[in-house]
Amino acid sequence: MRDPDAALDELFETAAAARAKAYAPYSRFRVGAAARGAGGAIFRGANVENASYPVGVCAEAVALAAMALAGERRLVEIAVVGEAGTLTTPCGACRQRILEFAGDGDPVVHVMGPDGTRLAFCARALLPHAFGPAAFGR
Ligand code: THU
């Protein structure tokens, strides 16, 4: 059986490694994300900004797109690592993206507090009364 602490360490380490690949020349705010699907695999992402600012994409969006591309449709948990000393929680749009792959579950969103401690939130608590796949009977 998998050690839950080691599994979470791995998720955060993957997010931190992805963060090193971020392309954030405008905000200089680099973010990494690591998403674990129901199958156990981890998919990573980093923010990729653009000279046309709104075109940039968040780390979570990249990680979830990689997960979907691999055929995984169920998100179990996602870790997000931003700049040290900041609390980087997913933006509103990424909360919506996270719930798209929640199924009938409630993915855990792991983040770092400003002091480096780990915090965990339930995705459904981060976006109450969300519009989602259920509106389409899914
Ligand atoms: N960003 C993310 O990638 N994820 C978050 O959870 C918060 C914000 C990015 C978007 C932009 O490239 C930069 O951080 C500053 O907002």
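Predicted model: local features only at pLDDT ≥ 70, side-chain atom pairs only at ≥ 80, totals over all residues.

Local features need pLDDT of at least 70, side-chain atom pairs count only at pLDDT 80 or more, and totals for chains, interfaces and linings use all residues. Residues are numbered from 1 along each chain as its sequence is written, and side-chain values use heavy atoms, without hydrogens and water.

- N47 places a polar side-chain atom 3.0 Å from a ligand oxygen atom.
- A59 has a backbone N or O atom 2.9 Å from an oxygen atom of the ligand.
- For E60, a polar side-chain atom is 2.6 Å from an oxygen atom of the ligand.

**Packing of α2 and α3**
- Helix α2 (residues 59-69) packs with helix α3 (residues 92-100) at about 20 degrees, their axes being 9 Å apart.
- The two helices therefore count as roughly parallel (angles under 35 degrees).
- Contact (heavy atoms within 4.5 Å) involves E60, A61 and L64 of α2 with C94, R97 and I98 of α3.

Key
Axes fitted to C-alpha atoms, helices over the stretch in contact; angles between N-to-C directions. Helix = DSSP H or I, 4+ residues; strand = E, 2+ residues; numbered from the N terminus. Parallel < 35°, antiparallel > 145°, perpendicular 65-115°, else oblique. Polar contact = N/O pair within 3.5 Å; in protein donor to acceptor, adjacent residues only side chain to side chain.
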